[in-house]
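Have a look at it with me before I write down what I looked up.

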Amino acid sequence: MTATTATTTATTVASVSSERTTYDCRTTWAATIADLARTDERIVTVVNDSIGSSKLDAFATEFPARTINVGIAEQDMVGIGAGLAMSGRVPFVSAAGCFLTARAMEQIKADVAYSQTNVKLIAQSPGVAYGDLGPTHHSIEDFAWMRTIPGLTVLAPADPVETEQVVRWAAAHDGPVYIRISRMAVPDVNAPGYAFAPGKAVTLRDGEDVTIIATGTTVTRAVDAADLLAAEGIDARVLSMPTIKPLDSEAILAAARETAGIVTVEEALTTGLGGAVAEVVAEHQPCTVRRIGFDDAFAVTGTAEWLLDQIGASPRGIADTATGLVGRGR
Amino acid sequence: MTTTMSRHAGLLEEIDTTLLPTPDREIPVMGKVPAGAGREETIAFLERAATEVRRRAIQTVGAVGAGHLGGEFSITDTLVTLYLSVMNISPEQVEAGDPERDRIVLSKGHAANALYTTLALGGYIHRRALRTFLQPRSMLNGHPARTKIRAVEASTGPLGHGLPIAVGMAIAAKLDESERRTFVLLGDGEMQEGSNWEAIMTAAHRGLDNLVAVIDRNRLQQGARVEDTNALAPLGEKLAAFGWNVVELDGHDHGALLDAFEAAPAVPGTPTAIIANTDKGYPISYMRDNVAWHHKVPTPEQVDQAVAELDEILARIDGSRTGTLGTEKDAS
């Protein structure tokens with residue numbers, strides 16, 4: 001399964017940076033959902049004029065009746081998704097993250113999470129993917145908003161392999177799920193043979209000095225930061241956190257116990273992953289947490305990569321923040 | 001007082017909560033209109049059912065000290081007509097999860113007490129459950145929850161949610177190539193929510209003739225007259241312009257309701273909107289068409305007066321029903 005999609009995505013190289021092939025995870029999402037739909041009649045997609053931006057053109061051609069485009073009407077879109085789920089369908093409701101969450105928040109709360117309907121919310125182009133379109137089109141609030149809604153699983157895969165596995169897991173799982181699908185090109189970060197385990201952190205680098213916890217698009221930057229730190233004699237642990245909720249408290253508390261402190265990195269407000277990690281350690285195993293992300297401010301205009309660099313989420317920025325924690329003592 | 005009750009069709013959990021006082025008499029479990037009933041017998045059955053629902057609902061609100069009686073009494077006739085006569089639905093179908101059952105969404109979820117009481121009268125939940133309304137851990141929230149009561153298809157409460165959900169259900173029926181129908185019950189004040197108009201466009205665009213929306217046009221919202229707050233008129237013309245087949249009728253006339261539901265879809269490929277002209281608080285003399293009765297709680301004396309007025313209606317139905325049956329027997 002994985003090999004099929006890897007081949008598909010490799011043909012659509014989005015960009016090449018520092019000799020690494022990078023991928024637009026939307027391509028993997030689209031190939032995976034089409035593959036699932038071929039064997040699972042229940043699967044439908046629901047979109048808000050977002051077929052192109054969700055890369056669902058081929059899906060819509062192959063499954064026209066199972067592509068429900070409601071036009072520019074997000075409340076309707078999520079409510080219809082809930083009605084389809086109540087009737088035994090497995091709807092993947094796919095729209096730009098900024099509109100999906102903010103415009104349909106009450107439908108997500110009441111019709112999806114509270115109602116425990118089997119709706120999959122697919123947030124396209126999340127974070128600052130639409131960096132130069134400005135903050136109206138950014139979705140940096142979504143982690144913080146979605147993780148406060150009871151009963152909703154919140155996921156953010158980091159690379160194509162994880163994207164495929166997360167989408168497959170969501171299709172098989174009976175319950176509401178929110179998934180960020182990144183648009184920013186990312187390289188493979190997970191090892192060959194990687195298997196997604198919901199609610200579990202992935203240890204990408206083992207280390208005893210300091211811990212970096214990242215999710216989605218920032219995972220590759222965290223790994224690069226750990227490489228910089230290694231060259232400087234600092235042994236950093238890197239935890240990839242594809243599941244924002246339910247959070248892997250065990251892995252976080254082990255990091256709090258065993259290393260000098262935790263740096264969180266996310267393409268979101270620091271009240272997302274960073275806030276969630278800080279809550280866990282504050283309650284059970286206090287340690288210093290430095291949160292890299294957008295800090296109670298709308299982002300300025302710029303490309304996604306440039307914006308991440310600006311907030312200190314470049315490999316160098318992350319490494320510097322981590323270095324500041326080493327030797328502080330606890 | 002706390003009690004535990006055995007599982008019953010429609011109840012997902014055992015009842016384990018405080019019980020409200022027993023009313024003067026339990027509501028009868030009437031079930032469906034008897035097979036083969038003629039039109040007059042059907043209408044008499046539905047009138048009796050609606051009166052019994054109102055009689056029990058006001059006693060519940062009197063006992064618990066909270067509820068939304070005005071809008072419950074305006075939608076009661078639609079509820080009993082659908083559950084007891086029109087819809088292909090039964091407690092057994094709900095329990096078995098029969099995919100071919102008709103679906104109903106009470107978008108005006110604040111009329112939950114009328115829904116619960118109708119479900120008890122129809123045999124979907126145990127009538128004793130009504131004595132748990134709004135009590136701690138009760139399944140009977142102030143707004144219905146699908147995770148607590150199997151017969152509740154959609155959790156509702158925030159307005160403007162039911163119609164998009166019903167559109168999703170109707171799309172699913174089309175995908176399944178099923179003949180099942182979806183009914184959604186909306187308040188007229190609720191039509192001020194923009195999400196409804198998104199769904200109205202989608203339903204027409206997709207030709208969902210398996211969808212029937214009943215708009216409970218009682219002309220009152222929580223604080224004032226709808227037309228004085230944010231006017232809907234001309235509602236019928238608006239819905240027609242959005243591509244729906246519009247039927248306007250007296251929402252307390254069971255015969256008219258039966259005819260409209262049976263006729264739908266009168267126009268193939270077109271969803272049906274029934275504008276049910278009703279009175280909030282119908283038919284209680286002191287409550288009818290009075291904006292004060294959105295969620296006002298009656299005094300014990302007012303409960304007694306309403307019960308007396310409703311008992312008069314029951315007595316009249318009994319009288320005319322006997323007469324009707326006699327005539328039919330004479331004819332045969």
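Which residues of helix α13 (residues 315–325) of chain A are buried? I looked them up in this model, which is a predicted one, and found A:I318, A:A319, A:T321, A:A322 and A:L325.

Next I checked where they sit around the helix. They cover an arc of only 165° around the axis, so they lie on the same side of α13(A). I recalled a general rule here: an α-helix has 3.6 residues a turn, so residues three or four places apart point the same way.

Then I asked what the buried residues of α13(A) pack against. My list has β10 (210–214), α9 (219–231), β11 (236–240), β13 (262–269) and β14 (289–294), which belong to chain A. I also noted A:G327, which follows α13(A) and has a positive phi, near 85°.

I stepped back to the domains. Chain A is divided into domain 1 (13–181) and domain 2 (202–325). Their centres, taken over C-alpha atoms, are 25 Å apart. Domain 1 of chain A gives 24 residues to the contact and domain 2 of chain A gives 26 residues. On the domain 1 side, α7 (142–146), β7 (153–155) and α8 (160–172) of chain A each supply at least two residues. I sorted that side by class and got 13 nonpolar, 5 polar and 6 charged residues.

My last entry is on the two chains. Their contact takes 23 residues from chain A and 22 residues from chain B. On the chain A side, the elements that give two or more residues are α4 (74–86) and α6 (105–114). The largest share of that side, 9 residues, comes from α4(A). By class, the chain A side has 10 nonpolar, 9 polar and 4 charged residues.

Notes:
Residues numbered from 1 in each chain as written. Chains lettered and ligands numbered in written order. Predicted model: local features only at pLDDT ≥ 70, side-chain atom pairs only at ≥ 80, totals over all residues. Contact = placed C-beta atoms within 7 Å. Helix = DSSP H or I, 4+ residues; strand = E, 2+ residues; numbered from the N terminus. Nonpolar A, V, L, I, M, F, W, Y, C, P; charged D, E, K, R; others polar. Buried ≥ 20, exposed ≤ 12 C-beta atoms within 10 Å, placed from the backbone. Arc of directions from axis to C-beta. Domains from an automatic or database assignment.
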